[in-house]
Amino acid sequence: MTQKKSDTPDAKIPSGPIEAKWAKHKMDSALINPANRRKYTVIVVGSGLAGGSAAATLSELGYKVKCFCYQDSPRRAHSIAAQGGINAAKNYQNDGDSVNRLFYDTIKGGDFRSREANVYRLAEVSENIIDQCVAQGVPFAREYGGLLDNRSFGGAQVKRTFYARGQTGQQLLLGAYQALQKEISAGGIEMYSRSEMLDLVVINGHAKGIVVRDMVSGEISSHAADCVILATGGYSNVFFLSTNAKGCNVMSAYRAHKRGAYFSNPCYTQIHPTCIPVSGDYQSKLTLMSESLRNDGRIWVPKNSQDIGKPAHQIAEANRDYYLERKYPSFGNLAPRDIASRSAKEVCDAGLGVGNGGLGVYLDFADSIQRFGKDVISSRYGNLFQMYEKITGEDPYSQPMRIYPAVHYTMGGLWVDYNLMSNVPGLHVLGEANFSDHGANRLGASALMQGLADGYFVISATLPNYLVEETPGSISTDMPEFKEAEERVRDQINRLVSINGNRSVDSFHRELGLLVWDKCGMARNEDGLKEALEKIPAIREEFWENVCVPGDSGNMNQELEKAGRVADFIDFAELLCNDALHREESCGGHFREEYQFTKDDPEVSSGYTNEGEAKRRDEDFAYVAAWNRKEDGTLNLKKEWLEFENVKLATRTYK
Amino acid sequence: MKLTLKVWRQHDASSEGKIETYEANDIPQEASFLEMLDIVNNEIIENGGDPIAFDHDCREGICGACSLTINGVPHGKESAITTCQLHMRKFSDGDTIFIEPFRAKAFPVIRDLVVDRSSFDRIIESGGYVSIRTGSAVDANSMPIQKDAADTAFDAATCIGCGACVAACKNASAMLFVSAKAKHLNSLPQGLPEKDRRVLKMVEQMDKEGFGNCTNQYECEAVCPKSIKSELISELNRQYATAIVKKAIG
């Protein structure tokens, strides 16, 4: 493939062999001496794994940190809900793992749509993360010999996932939260809980502050800094129903996009294969059942439609289709998420789904319970089985779980360079909020790894490259840019509370979510996307005429909070669908029905891959799409062509 | 299902609150308790009223945001769950349900069912951490830890900081919360160097915040969504006594 020229800003990828890039970059990076660090103020928005760890680490180094979160405590950030584990190339299992292999698995898992240098650094740093977390007292699972235990995750043939029962995210977040509290106590961090960022302030082209609403008093305030770090998570809630917490939103990232930051690859959305199926239209969110369950659970549906509706135990072994084991014998039930999700959709679309409405497949533990005993299974997954039972009223020890894919994570995000800085100087973006490491599909147990890599180890080394060029403390909230941003924010709030329409915010969010799920969900096509793009402006128009936000803005007003977020989701949905429409290929989480392998393709007839698998078009699309929003709201596409020097582009197969 | 709700309404921290009555109609049995409140709120909004404010986020029992006292019991009478995990199939058609905030002096009401639990953050800030700087850790497997000790630490570390223990206690004591963090960190070798200091600081901060003392009734254990055991409180008392004596004799 001929290398094409990018029109995005320089990604600042260090030269040299891939193994040496990060070390070289750290050596070449600027340093700020300890006495000078305290002159710099750094704003961190978000207190999850990425934001919490960044705030704590930067404060330890001596920077003045202001950290903001919308939750009532930084300990409640949504990273807490991650269940299964965190990857690291420790090779404690002696099963052939290495930094190189984690790097390769992640590039391949991402369907060859991520930057090699970033991914290699992630794999390198993964080892330090485990050391750091253990030192903080994170109680990872251990073996009887006292050493750390590992489990397997999708898309890997080695055991490299560290875990704390089904609550790994919680334990890692508490580690970061405790480090954050330690620094608050030491006076290095000012924490602002129940505070929502409503705008980014850009001065002379540089990100120098934010405007925030205090969610208790309603007060709008400005905060100036020498740089701004966003670690505000993903945008899954554009679909209304997702596994994200109810408060997760795209507002900070989208408002930064409106101030000039490029938004990359929004169409890469991850649909997690194992969630509890939707049970009714009152439903407010979906619940994930950890991917780790696929270590011991077998996924199947009835082979024949006459068995639909029968209880699982009445369906004979010979009449069950263990479709992942059949289609992907090497990876079996541990096929990567995008593939497992699409396979579930395929069998359900073929009318073989189980449960209410036929949108479900079985995840069956009978064999494992027979092999290991109920106690072992309970020690591995006890809390997940209990969670399932509480929600569905069914006992997964005696009957298979019913699961169905649901939106879970978003690989797309704000464009960043190797320093994790966006195209707006000073604006840095960490964790799920950036686009950088997972390509078109994220492997399980890699989100926690990336959040902590960015926060503990990357940003502390790269931030001085920006700061060293800046005069600390040169920004004041008296500057007109802050006043303008405050005015914009107040105008929008006043407009929202004065519409006094007839429809609740949620009703608009549900309408938008259904449309986006239907046309830009697990499978997409040109006609559907065009239809969505026609309908979204109508939703927006009605929203701004007929939404009802009761009460006023001068105190706690949860409907007002939601209204601001939904207004941005509506605008963002257009960006999402435009990106999905322009990417005329299938890759990872982005499946365009027009681009799939058919029986006439040589890769299928040779047995290398299956009919219906995603078909990439590297020649035309091996780039990062970076969307630039112009003043008038129109979109302009920039392309960062990906360079593959260490990994050979190949059709992804897990057969 | 048709239900009658008696809900605590309070405009802000400085105003007086009162119980108001709402009818909840056509509630599906499969809905969660918070989804039932969503349905009620939607109706209130469409009728031009003021929706009920309540804290919630993950809605899967792990973030610790939801905090309702349901018929007098924090998180409701089902054991080992949070409010967001409570489902309407546990109620009967025609039931009357009282919904109030978590009540404690150290958890002032912000609005309706929303309370301020920042006192918990300040307790952790006082000593609920291991003082390790990023980058200074040794290899994770260089320090073997007995599986039992790791499991015990984990059981205590599952605390979600919801505050149900405080709301259930007639003294509004935070002893279960504090003892869980003490147990988590003090039972691991990484936490030992700061053990005495941690216990003294956290207990001191707990008193300063206005939490009461433990008088061994164990309502905390009964309502804890993560089944944290009240025996941790006696252990905290022992550790506190030891630390005080060591401090006194130097």
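How are H2(B) and H6(B) oriented to each other, roughly parallel or roughly antiparallel? In this predicted model, the axes of the two helices cross at roughly 150° and come within 8 Å; since angles over 145 degrees count as roughly antiparallel, H2(B) and H6(B) are therefore roughly antiparallel to each other.

- Helix H3 (residues 147-157) of chain B and helix H5 (residues 175-186) of chain B have axes that come within 8 Å and cross at roughly 155°, which makes H3(B) roughly antiparallel to H5(B).
- H3(B) passes H5(B) in a left-handed crossing, where B:Ala153, B:Ala156 and B:Ala157 of H3(B) meet B:Ala180, B:Lys183 and B:His184 of H5(B); the residues of this contact divide into four nonpolar, one polar and one charged.
- The residues B:Ala150, B:Ala153, B:Phe154, B:Asp155, B:Ala156 and B:Ala157 are buried in H3(B), and the buried residues of this helix pack against H6 of chain A together with H5 and helix H8 (231-249) of chain B.

**The side of chain B that touches chain A**

- In total, 67 residues of chain B are in contact with 65 residues of chain A.
- Helix H1 (33-46), strand S6 (109-111), helix H2 (118-127), H3 and H5 of chain B each supply at least two residues of the side that touches chain A, and the largest share, seven residues, comes from H1(B).
- Sorted by class, this side of chain B has 30 nonpolar, 19 polar and 18 charged residues.

**Chain B as a whole**

- Chain B has eight helices and seven strands, and its C-alpha atoms fill a box of roughly 65 × 40 × 35 Å, taken along the principal axes.
- Of the 250 residues in chain B, 51% are buried, and of its contacts with a separation of 6 or more, 70% join residues 24 or more positions apart.

**Chain A as a whole**

- Chain A contains 18 helices and 19 strands; its radius of gyration of 24 Å is close to the 26 Å that the globule rule gives for 655 residues, so chain A is as compact as a globular protein of that length.
- The C-alpha trace of chain A spans about 75 × 60 × 50 Å along its principal axes, and buried residues make up 58% of the 655 residues.
- Among the contacts of chain A with a separation of 6 or more, 74% are between residues 24 or more positions apart.

**Two loop positions in chain A**

- A:Gly205 is found in the loop between strand S6 (195-203) and strand S7 (206-214) of chain A, and A:Gly205 counts as exposed because it has 10 C-beta neighbours inside 10 Å.
- A:Gly205 and A:Gly297 are 92 residues apart along the chain, and their C-alpha atoms are separated by 52 Å.
- A:Asp552 is found in the loop between helix H15 (526-546) and helix H16 (558-582) of chain A, and A:Asp552 counts as partly exposed because it has 13 C-beta neighbours inside 10 Å.
- From C-alpha to C-alpha, A:Asp552 and A:Lys655 are 58 Å apart in space and 103 residues apart in sequence.

Key: Residues are numbered from 1 along each chain as its sequence is written. Chains are lettered from A and ligands numbered from 1 in the order in which they are written. This is a predicted model: local features need pLDDT of at least 70, side-chain atom pairs count only at pLDDT 80 or more; totals for chains, interfaces and linings use all residues. Axes are lines fitted to C-alpha atoms, for helices over the stretch in contact, and angles run from 0 to 180 degrees between N-to-C directions. Helices (H or I, at least four residues) and strands (E, at least two) are DSSP runs, numbered from the N terminus. Angles under 35 degrees count as roughly parallel, over 145 as roughly antiparallel, 65 to 115 as roughly perpendicular and the rest as oblique. A crossing is left-handed if the near helix is turned anticlockwise from the far one by less than a right angle, and right-handed if clockwise. Two residues are in contact if their C-beta atoms, placed from the backbone, lie within 7 Å. Ala, Val, Leu, Ile, Met, Phe, Trp, Tyr, Cys and Pro count as nonpolar, Asp, Glu, Lys and Arg as charged, and the others, Gly among them, as polar. A residue is buried if 20 or more other C-beta atoms lie within 10 Å of its own, exposed if 12 or fewer, and partly exposed in between; C-beta atoms are placed from the backbone. The radius of gyration is taken over C-alpha atoms; the globule rule is 2.2 Å times the number of residues to the power 0.38.
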